[in-house]
Amino acid sequence: MALTDEQWAVLEPLVEACRPHTKVPPQHLRRTIGAILWRHDNGAKWRALPLDEGPWWM
């Protein structure tokens, strides 16, 4: 499930508000959230993640 720009515009400030601040900001936060939503929707293993959602090992 890829997040639309509109969905990400609503979700990003909420994630940033509760995410602990680290020295290195996440590089692929939007892709990670999309992968989590994809996995939640179908219950598949991380290894079944489609490449357009990003490699499962990242």
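The model is predicted, so local features are described where pLDDT is at least 70, side-chain atom pairs count only at pLDDT 80 or more, and totals for chains, interfaces and linings use all residues. Residues are numbered from 1 along each chain as its sequence is written, and side-chain values use heavy atoms, with hydrogens and water left out.

## The chain as a whole

Let's start with the overall picture. The chain has two helices and zero strands; helices (H or I, at least four residues) and strands (E, at least two) are DSSP runs, numbered from the N terminus. Of its 58 residues, 22% count as buried. Here, buried means under 20% relative accessible area, exposed means over 50%, and partly exposed is in between, with a 1.4 Å probe and protein chains only.

The accessible surface of the chain is about 4,700 Å², and carbon and sulfur atoms account for 62% of that. These areas come from the Shrake-Rupley method with a 1.4 Å probe; for residues, only the protein chains shown count as cover. Among contacts between residues at least 6 apart in sequence, 36% join residues at least 24 apart, where contact means heavy atoms within 4.5 Å.

## Two helices

Helix α1 covers residues 5-18, and helix α2 covers residues 29-42.

Just after α2, Gly43 takes a positive phi of about 70°.

## Where the helices meet

Which residues of α2 are buried? They are Leu29, Ile33, Gly34, Ala35 and Trp38, and these buried residues pack against α1. An α-helix has 3.6 residues a turn, so residues three or four places apart point the same way.

The largest nonpolar core has five residues: Leu3, Trp8, Val15, Leu29 and Ile33. Both α1 and α2 give two or more residues to this core. A nonpolar core is a set of buried Ala, Val, Leu, Ile, Met, Phe, Trp, Tyr and Cys residues joined through side-chain atoms within 4.5 Å.

Leaving aside neighbours within four places in sequence, Leu3 is in contact with Trp8, Leu11, Arg30, Ile33, Gly34 and Leu37. With the same exclusion, Leu11 is in contact with Leu3 and Ile33. Leu11 itself is found in α1 and is partly exposed, with a relative accessible area of 27%. Glu12, also in α1, is partly exposed at 34%.

Some pairs that are separated in sequence can be compared through their C-alpha distances:

| Pair | Apart in sequence | C-alpha to C-alpha |
|---|---|---|
| Glu12 and Leu29 | 17 residues | 8.9 Å |
| Leu11 and Arg30 | 19 residues | 9.3 Å |
| Trp38 and Pro50 | twelve residues | 9.2 Å |

Trp38 sits in α2 and counts as buried because its relative accessibility is 15%.

Arg19 lies in the loop between α1 and α2. Is this arginine buried or exposed? At 19% relative accessibility, Arg19 counts as buried. Its side chain makes a polar contact with the side chain of Glu16, at 3.0 Å. A polar contact is a pair of N or O atoms within 3.5 Å; within protein, one must be able to donate a hydrogen and the other to accept it, and residues adjacent in sequence count only if both atoms are side-chain atoms. Not counting residues up to four places away in sequence, Arg19 also touches Pro26 and Leu29.
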